[in-house]
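Welcome! Below are some exercises for getting to know a new structure, each with a solution to follow step by step.

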Amino acid sequence: MNQDELKQAVAKAAFEYVESRLEKDMILGIGTGSTANLFIAELAKIKNDLEGTVASSEESARRLKELGIPVLDSNAAGELEIYVDGADETNEYLQLIKGGGAALTREKIIAATAREFVCIADESKWVKILGTFPLPVEVIPMARSHVARQIVKLGGDPVWREGCVTDNGNHILDVHHLQIMEPRKLESELNQIVGVVTNGLFAERAADRLFLGTSSGVEEILPRDS
Ligand code: 5RP
């Protein structure tokens, strides 16, 4: 199977999982990116059985609405049952790097409000040590250079994602050349820098379940005990 087929397979597996957990008034968190888009397409099959969704980006909200799936305001939705989203990297603890699609802040908010975070990814995202994929950091525009200098002091190599403005009106720095041995520590250190909105490490709130698309089929993986 090629990468697109693996993404389709995990989207379907996550849909079947959600369907098996379906209950009255269920509200789902919905991620952003090509794998999440395939999940959104599957979700249309049960659109009349859902109370609604909360979307992690304007783009996902647009896609959901186009399919007739209700999109709710996060503040009105309260706690979510399940959040389904892709990732740029995952380790065996299901700690993630996210934000390749610049939606990391809303994704982190949804992850925080969800009882269960289901990650869907093809096997290219599975890594031993996080950091080969450049770590996205969302910054307030006027703080971009300041944040970049502080990140250099932490050993990173920040590159401004020029032309990218997040749904929150902010900028993204992609931090290259990291070998993230202590994801929780780095997540916290980056968030301490003045001007950082949040960073794409999902270590403090990792995923609870992973559907990983591999050449031998979809594996359902729970986080290894840390
Ligand atoms: C968006 C994300 C995505 O989940 C991540 O970039 C993976 O995307 P794709 O499913 O297209 O590989 O974090 O901000």
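## Exercise 1: a helix and its strands

Helix α7 (residues 183–192) lies across β7 and β10, and runs at about 165° to β10. Before going on, note that the model is predicted, that local features need pLDDT of at least 70 and side-chain atom pairs pLDDT 80 or more, while totals for chains, interfaces and linings use all residues. Residues are numbered from 1 along each chain as its sequence is written, and side-chain values use heavy atoms, with hydrogens and water left out.

**Task.** Find the sheet that holds β7 and β10, and describe its pairing.

**Solution.** Start with the terms: helices (H or I, at least four residues) and strands (E, at least two) are DSSP runs, numbered from the N terminus. Two strands pair if DSSP finds at least two bridges between them.

1. The order β8-β9-β7-β10 makes an open sheet of four strands with antiparallel pairing.
2. β8 (157–160) and β10 (196–199) are at the edges; each has a single partner strand, so one side of each lacks a neighbour in the sheet.
3. From one strand to the next, the twist averages 30°; angles run from 0 to 180 degrees between N-to-C directions, with axes fitted to C-alpha atoms, for helices over the stretch in contact.
4. Between β7 (residues 135–139) and β9 (residues 171–176) there are five bridges, and V137 stands opposite L173 in β9.
5. Helix α6 (residues 144–153) also packs on this sheet, touching β7, β8, β9 and β10, with its direction at about 15° to that of β9. Contact here means heavy atoms within 4.5 Å.

## Exercise 2: around the ligand

**Task.** Which residues are the closest to the ligand?

**Solution.** 

1. Of the 17 residues surrounding the ligand, the closest are S34, T35, D88, G99 and K125; a residue counts if one of its heavy atoms lies within 4 Å.
2. Check the polar contacts (N or O pairs within 3.5 Å): a polar side-chain atom of S34 is 2.5 Å from a ligand oxygen, and an N or O atom in the side chain of D88 is 2.6 Å from a ligand oxygen.

Methods
A polar contact is a pair of N or O atoms within 3.5 Å; within protein, one must be able to donate a hydrogen and the other to accept it, and residues adjacent in sequence count only if both atoms are side-chain atoms.
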